[in-house]
Amino acid sequence: MRLRVELVLEVEDTGGLTKAALRRIAQDPDLPGEERTQAEAAVTEDTAEALAYLVDPFDLVSEVPGVELQQASWSSERISYDPDSPDWDLDEDDGDGDDEEGGID
């Protein structure tokens, strides 16, 4: 089963977000030195990278009974958000046609 989630966030403290990502990197004992250096550079240069580093899809579903995460991918990007634009209509069908019947009412 695939669960799609789209979030639009306003980052009010870019410095705090970057510091949190750098702390997470520093506390990761399994991260090799070269990867650690690359991760530190990425989160320092781009707030979207810092956010992506802090968001863990496993955390989103780890407490859901009967569910085991099989695969996850995610990304973060800067966008221009206009809540009044029809492009951001959250009730709009995404048009994929892969909705499952018998879902939760």
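**Exercise 1. Determine which residues of α1 and α2 meet, and how the two helices are oriented.**

*Solution.* Step 1: On the α1 side, the contact with α2 is formed by Thr-18, Ala-21, Leu-22, Ile-25 and Ala-26, and on the α2 side by Arg-36, Ala-39, Glu-40, Val-43 and Thr-44. Contact here means heavy atoms within 4.5 Å. Helices are DSSP runs (H or I, at least four residues), numbered from the N terminus.

The coordinates are those of a predicted model, in which local features need pLDDT of at least 70 and side-chain atom pairs count only at pLDDT 80 or more, while totals for chains, interfaces and linings use all residues. Residues are numbered from 1 along each chain as its sequence is written, and side-chain values use heavy atoms, with hydrogens and water left out.

Step 1: The axes of α1 and α2 come within 9 Å and cross at roughly 170 degrees. Axes are lines fitted to C-alpha atoms, for helices over the stretch in contact, and angles run from 0 to 180 degrees between N-to-C directions. The crossing angle therefore makes α1 roughly antiparallel to α2; angles under 35 degrees count as roughly parallel, over 145 as roughly antiparallel, 65 to 115 as roughly perpendicular and the rest as oblique.

Step 2: Sorted by class, the contact of α1 with α2 has 6 nonpolar, 2 polar and 2 charged residues. Ala, Val, Leu, Ile, Met, Phe, Trp, Tyr, Cys and Pro count as nonpolar, Asp, Glu, Lys and Arg as charged, and the others, Gly among them, as polar.

**Exercise 2. State whether Thr-18 is buried or exposed, and name its contacts.**

*Solution.* Step 1: Thr-18 belongs to helix α1. Step 2: Its relative accessible area is 14%, so Thr-18 is buried (under 20% is buried, over 50% exposed, and in between partly exposed, with a 1.4 Å probe and protein chains only). Step 3: With neighbours within four places in sequence left aside, Thr-18 is in contact with Val-43, Thr-44 and Ala-50.

**Exercise 3. Describe how α3 packs against α1 and α2.**

*Solution.* Step 1: Helix α3 spans residues 47–54, and its buried residues are Thr-47, Ala-48, Ala-50, Leu-51 and Ala-52. These buried residues pack against α1 (14–26) and α2 (33–45).

Step 1: α1 and α3 pack at an angle of about 50 degrees, with their axes 9 Å apart. This angle makes α1 oblique to α3. By class, the contact of α1 with α3 has 8 nonpolar, 3 polar and 1 charged residues.

Step 2: For α2 and α3, the axes come within 5 Å and cross at roughly 125 degrees. Here too the angle makes α2 oblique to α3. The residues that meet are Ala-39, Ala-42, Val-43 and Glu-45 in α2 and Thr-47, Glu-49, Ala-50 and Tyr-53 in α3.
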